[in-house]
Structures are given as C-alpha cells and as structure tokens.
Amino acid sequence: MSNYHSLSKQSWEKALSQMMKNYHIYAPLAWGESQDYERIDEDSISEIIYNHPKPASPLKTFFLPVKENVVNIEKSDKKKIIMGIPSCDLSGTNILDEMYLDNAFTDPTYNKNREESILIGSDCHSLQEHCHCTTYGIKPYPEENHDLTLSRINDTIYLQVHSNKGEQLIREVKEFTPLTEPTENEIQGILDKRKSVEEELNKRNSDLPNYSDTGDLINSSGDEIWKKHSETCVSCGACATICPTCTCFLLLEKPGFEKVRHLDACQYPGFEKVAAGEDPLNELYKRFRNRYMCKYVWKPEKFESIACTGCGRCIEACIGNISKNELFLELKNK
Amino acid sequence: MKGDNLYKPIKAKVLEVIEESPTIKSFVMKPETKFYFKTGQFIEVTLDGIGEAPFTPSSSPLVTDQLEVTVMKTGYVTERMHQMQGGETVGIRGPFGRGYPLEKLYDKEVLVVGGGCGFAPLRSLLYNLEADKDKIKKVTFCYGSKNPKECIYEPYIQRIKKINKFEVMRTVDEADETWTEEVGVATVLLDKVDVNIDESVAVVVGPPIMMKFSVQKLKEMGYPENKIYLSMEKNMSCGLGKCGHCMMGEYFVCKDGPVFRYDEIKDQPDIWK
C-alpha cells in the first residue's frame, strides 16, 4: 500500500478548519514579498502558501524560541501542527537534536517543544536566489525529521506519511474528509517536480564547495580574507539569529531562581569576554570568522550532523551584503 | 542526570564570608541537599534575579554538606557577592565538566603551580592529595601572587607546609618588608623546585598570562605536553555545552573541560585569552 494520500485543496482546508479546534496550526502566509510562519485562523486558511521555499524564520524558533523560561516550564494548551517546513530546516533539526537531546542531558523545554509539534514538511517547487541545500547533501524535498510531506499540484493536496505521528494525523483528517490513494501517474508527477527542482539547484550551485571541503578551505585561509569580507559587518548578529542551526543563548535571571533562555549570537561584541577582561573575540574579523569556524570546522569535529543547511538566510539577512557563498568561492579559487 | 532539569539551581545558605585578601573573599555555603563534586569540576552560583557566575569549589570534595567558593571581585556578579555578609540564600547548579585526573597523579611527584585566585580550585585538589597522600610520591606546591596582602589561605598554607611529602614555595611580584619568601613571577619558583620530571605530573591554574609562561617553563624543564594539566577560564554559562559562550575551538570548556591536558588544547585558537 502506498503511503501517499490525496484530497482536494478545498477538502484539506475544511479539515484544517476542524483540526484547529485541537491544535494550534502554523503555516506560511505572505509577508509582502516574503512569507513566514503564522498561526492560522479561519480567515487565513485559504491564504496558506504551499510548496514555496523557506519561510523567513527558521524552524528552530518553534523548538528554541527567542525567549523561554527553562526552569518554570510553561504548559501548552494545545499541540502544534507546523506546515510548510522546507527540507533544509528539517535537516537542520539533526544537529539541534544532537545538542539538546544528548545522552548526558535532555533539555526539558526543547524536548517538550519537539514532542508537542507535528511537522508537515513541504516539497520546494521553486527556489530562492540563495538556496543551495543540495551543495550540502540536502534534497529540496523532505527526507527526514518530519511526520508528513505535503505537495500541492494544481488543486490537489498530496500527503506522504513518514512517522506514526503522521499516520495518526492522517486518521484524524479522515474523520473530516475522505482521502484517496493517488495514481502512479500522480505520484510520478510529484517525483518529477522534485527532480526538476533538484536539477535546477545542482546546476545553479555547481561551483560551490561541498560541506566536507569548506572546513579545509577555512583551515588553510589566512586572516586577510576574513578582514576583507567583514569590512561591512556591523555585528548585528542577524546571520546567527536567522540561522536554522545557530542556537547560542544567554541565561537571564528571573527572581525566584528561574532562568530565561534568550537567543544570543557570537557576532555580538563581548560574547566570549570573561569578567577579568580577556576576550578571544575582541576583533570584528575574529567574531566574523568564529561563526564559520564553528559551523564548518569545529561542529564537524564534535557532531555527526551538519551545521549549515545551505538555506541562504544568512546571506539574505545581512545588511552589509556579505555572502558566505562568495567567500567560499574566493577561498576555493584562490 | 538525564531526567533532571540542570538549569534549575538548588538553594544554598551562605554560612560564612571570609576575607582572604583586599580583592578576594571565600563563601562557605550549605546546600539544601548533600552536594557531590570532583576536584576541578565547577559550579554555577546564582544570585537570585541578579546573575550567575562559574566557580570551581575551593573546599574539599570529601565534604558533602558544605562547600566553599573563593571569589575575586572582577565583574557584576562577583561585586554583588562581595557585598554579602552571610545568611543570604544563593542558588547552585552543577557540578559541571571534567576535573583533575586524580588517578593520573597517583605514584607521581605532583607539581602544583598556582597564581593568584587560581589557588582556589587547587586547594580542593590539595585536600584530595592530602587525603590520598599514601598513594602519591610527593606534592610540590608553587604559589605566586601580586603582593603579600594578596596571598590567600595563609592558615591553610601554614598547615600543609607541615604535612609529610608536601612542600610549599611562594613568591610575590612586589614584596614588602614583612615578606621573607621569593620575589618575582610564579615561574621563578620553577627554577628552584626539586622534582624528578620523569616521575612527575604538573597542574597549573592561574591567570592566562601566568599559565602561558608556566607552561613554557615546564616544557623547557622537560615536562612532556601530556603531563601538564591546566584549568581553563572561559565564559561558562549553561554548563551543558549548549550556550556557546565558552567555546575554545572545538571544545566546550564547560563540558569537555575546564581541566585539559596541554597537548589537547595547544592548537586551539586564543587559549590564553
């Protein structure tokens, strides 16, 4: 039996409307020219954007919110269904899981947020300017860490089951609307679409060095290239805060011996400074380089999972127009 | 450990505040439950609603109903700690990280080199070595400080001087008329130590510049890089290898350290910063 199910967009919207009673449902909605996850309501169901590349925010914001009390842990009233998750963000979850669900210590809030989310991955049916997931071995369609994959072709929604949670959700959808098993031709249509986007990505990014080469390129670089590329950096930290795998944080004290975890970034001055005054990242180009060292040299030493998914958000978010891809091309062609 | 929320501190009452020097105070604390740590591991002390800072306990790891940290006034949290009088309730998280490898010190001549407030973590090690003195050949403790007033733990020094197998040497950068021991930076003591290097392991803790020159000197003396242990000071915050503030190259100092063998870290960037 195929693990694909299909239904009309209209029936899917009807099911979503019913499921909203039991879940908070998040899906990409338009934000001007961009799009981002929003909690949907009756009025916005019909405005959900399907199979667009990545939303403005990375998936990590659901598991590691910008600000969260990690001692007095808030109870959730409903589980979440998150729709429209691109493959790059789902693959980025691997390293988050490695860090936050490690053998020595399971981070309670991360674990809770992860458990309480049903993840609906989304095939990317187009690309954005800086998308380069395939350079780092990630497909433009979800392969891991999700419960269902959704592809919309014309006015039909196709759902592919990937987990028990996904199977359960399909049963719930069936309570509201009948599901059909797609024909082989229809499935082939989904696969063909995936293949064409993948080929396009490969073609566009054929010059970029792959993930395993980036570390060596950085290790063999001198200071000059980092000084040059950080000339327009203003230490705003946008690259890190928008990154699906950057999760450094501050612990803020709340009276009552509570602690609030707040998203932080190694790009901010003083990030590693100690009270006695020493600061290994006291110069801008060192902070700038630090993030690259972390992602492509140090994390690969410690973790199985990759620490960059090729989503390109850091390039899009940079007000100094710094492009990591241009930097890597320069390192490669040196 | 897996099921516990390690962000949540346990409470501890400050029983006593000891003035060790014009800039250094010790805080004796009684945790609400027994507290176990290994020498060289560190804890986070929380001042409720104010801040949190990492310290390696300076008391004996063999004592579990009380513990002590020795704190130099350097920043926001430590300044507030120095205002405490005793009787306050603070939070404690931990212990975190990897401490001194006691078993690697057995059957050895242990050379312990401390600078300034770096004596604090070393005192917990010295307590362990004292308890295990039958298992070690000898302990040479070299301690350097800025001036005689900044030499901490005077009563403790006087006591361990008398222990069989223990030798204590001290120096200050700037002597006064009362000072009868060595003068100069900590490394001047290393010129005078009497150790059989082939049988020896060195442990160094102090300000970065002191550790840098001590390691250089120990190497000149013939210590192999894997026989030198250092306790690194970075901006440890979560203690769990997650928040990123204490990254030293590929290591999280809070989780992989704070105690490292020199050969493990020598190629990482900016270790003395």
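Tutor: Among contacts in chain A between residues at least 6 apart in sequence, 75% join residues at least 24 apart; two residues are in contact if their C-beta atoms, placed from the backbone, lie within 7 Å. This is a predicted model, in which local features need pLDDT of at least 70 and side-chain atom pairs count only at pLDDT 80 or more, while totals for chains, interfaces and linings use all residues. Residues are numbered from 1 along each chain as its sequence is written, and chains are lettered from A and ligands numbered from 1 in the order in which they are written.

Student: What does the radius of gyration say about chain A?

Tutor: This radius is taken over C-alpha atoms, and the globule rule is 2.2 Å times the number of residues to the power 0.38. For 334 residues the rule gives 20 Å, and chain A has 21 Å, so chain A is as compact as a globular protein of that length. Along the principal axes, its C-alpha atoms fill a box of roughly 65 × 55 × 40 Å.

Student: Where do β2(A) and β3(A) lie, and in which sense do they pair?

Tutor: Strands (E, at least two residues) are DSSP runs numbered from the N terminus, and two of them pair if DSSP finds at least two bridges between them. Strand β2 (residues 23-31) and strand β3 (residues 34-39) of chain A are antiparallel, with 6 bridges. Trp31(A) has Ser34(A) in β3(A) as its bridge partner. The two strands form a hairpin with 2 residues between them, and Gly32(A) in the turn has a positive phi of about 60°.

Notes
Helix = DSSP H or I, 4+ residues; strand = E, 2+ residues; numbered from the N terminus.
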